[in-house]
Amino acid sequence: MEPKTESVLDEAAKVVAGDRRKSYGPVLESFERIGLMWSAILSRGHGQVFVGPRDVARMMMAMKIARDCHADKRDNLVDIAGYALCAELIDLAQAEEERCYEKICKVLTEDTANKQPDSHQ
């Protein structure tokens with residue numbers, strides 16, 4: 001087998017931005033969907049459990065670490081790096097969503113203030 005010339009990080013970035021995005025859609029959307037399904041499964045008989053998208057990334061990394069403890073495989077390292085990148089993409093997407101929400105609230109607040117009746121009439 002020929003040694004890889006590409007770094008684990010570079011390979012992970014290509015996988016996350018390429019094949020996986022095409023197959024599964026945006027990371028936040030995909031991991032939210034996975035989290036909802038895991039939440040439903042884990043909540044059965046145990047009270048309500050919430051698994052967020054960042055939790056999904058953590059658990060997938062934990063699974064890959066557990067597998068790598070059994071047998072060192074480069075693929076595990078690529079996947080761990082890929083899930084770490086997914087966690088960062090989730091953080092960035094949620095921060096952007098929050099910025100958009102703040103802009104909308106600001107516009108609504110300004111719009112409401114501008115529509116207040118003039119009390120001097």
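Trainee: Which residues are linked with Lys64 in a network of salt bridges?
Mentor: The network joins Lys64 to Asp75 and Asp79. A salt bridge here is a side-chain nitrogen of Lys or Arg within 4 Å of a carboxyl oxygen of Asp or Glu. This is a predicted model, in which local features need pLDDT of at least 70 and side-chain atom pairs count only at pLDDT 80 or more, while totals for chains, interfaces and linings use all residues. Residues are numbered from 1 along each chain as its sequence is written, and side-chain values use heavy atoms, with hydrogens and water left out.

Trainee: What makes Lys64 count as buried or exposed?
Mentor: Its relative accessibility is 6%. Buried means under 20% relative accessible area, exposed means over 50%, and partly exposed lies in between, with a 1.4 Å probe and protein chains only. Lys64 therefore counts as buried. This lysine is found in helix H3; helices are DSSP runs of H or I with at least four residues, numbered from the N terminus. Leaving aside neighbours within four places in sequence, Lys64 is in contact (heavy atoms within 4.5 Å) with Asp75, Asn76, Asp79, Ile80 and Tyr83.

Trainee: How many salt bridges does a search of the whole structure find?
Mentor: Eight. One of them is formed by the side chains of Glu11 and Arg74, at 2.3 Å from N to O.

Trainee: What makes Glu11 and Arg74 a link between distant parts of the chain?
Mentor: Glu11 sits in helix H1 (residues 8–24) and Arg74 in helix H4, 63 residues apart. Glu11 has 17% relative accessibility and so counts as buried, whereas Arg74, at 28%, counts as partly exposed.

Trainee: How do you know that Arg33 and Glu29 are separated by about one helical turn?
Mentor: They are four residues apart in helix H2, which means about one helical turn between them. Arg33 is partly exposed at 41% relative accessibility, and Glu29 is partly exposed at 42%.

Trainee: Where do Glu96 and Arg99 lie?
Mentor: Both are in helix H4, three residues apart, about one turn of the helix.

Trainee: Why is H2 called roughly perpendicular to H3?
Mentor: The axes of H2 (residues 27–43) and H3 (residues 53–70) come within 8 Å and cross at roughly 85°. Angles of 65 to 115 degrees count as roughly perpendicular, under 35 as roughly parallel, over 145 as roughly antiparallel and the rest as oblique. H2 is therefore roughly perpendicular to H3. Axes are lines fitted to C-alpha atoms, for helices over the stretch in contact, with angles from 0 to 180 degrees between N-to-C directions.

Trainee: Which residues of H2 meet H3?
Mentor: Leu28, Phe31, Glu32, Ile34, Gly35 and Trp38 of H2 meet Pro53, Val56, Ala57, Met59 and Met60 of H3.

Trainee: Why is H2 called roughly perpendicular to H4?
Mentor: H2 and H4 pack at an angle of about 100°, with axes 9 Å apart. H2 is therefore roughly perpendicular to H4. Val27, Leu28 and Phe31 in H2 meet residues of H4, among them Tyr83, Cys86 and Leu89.

Trainee: Why is the pair of Phe31 and Tyr83 called tilted?
Mentor: A pair of aromatic rings is described by the distance of the centres and the angle of the planes. Rings of Phe, Tyr and Trp (its six-membered ring) pair if their centres lie within 6.5 Å; planes under 30 degrees apart count as stacked, over 60 as edge-to-face and the rest as tilted. The centres of Phe31 and Tyr83 are 6.4 Å apart with planes at 50°, so the pair is tilted. Phe31 lies in H2 and Tyr83 in H4 (residues 74–114), so the pair ties together parts 52 residues apart in sequence. Phe31 is buried at 7% relative accessibility, and Tyr83 is buried at 19%.

Conventions:
Helices (H or I, at least four residues) and strands (E, at least two) are DSSP runs, numbered from the N terminus.
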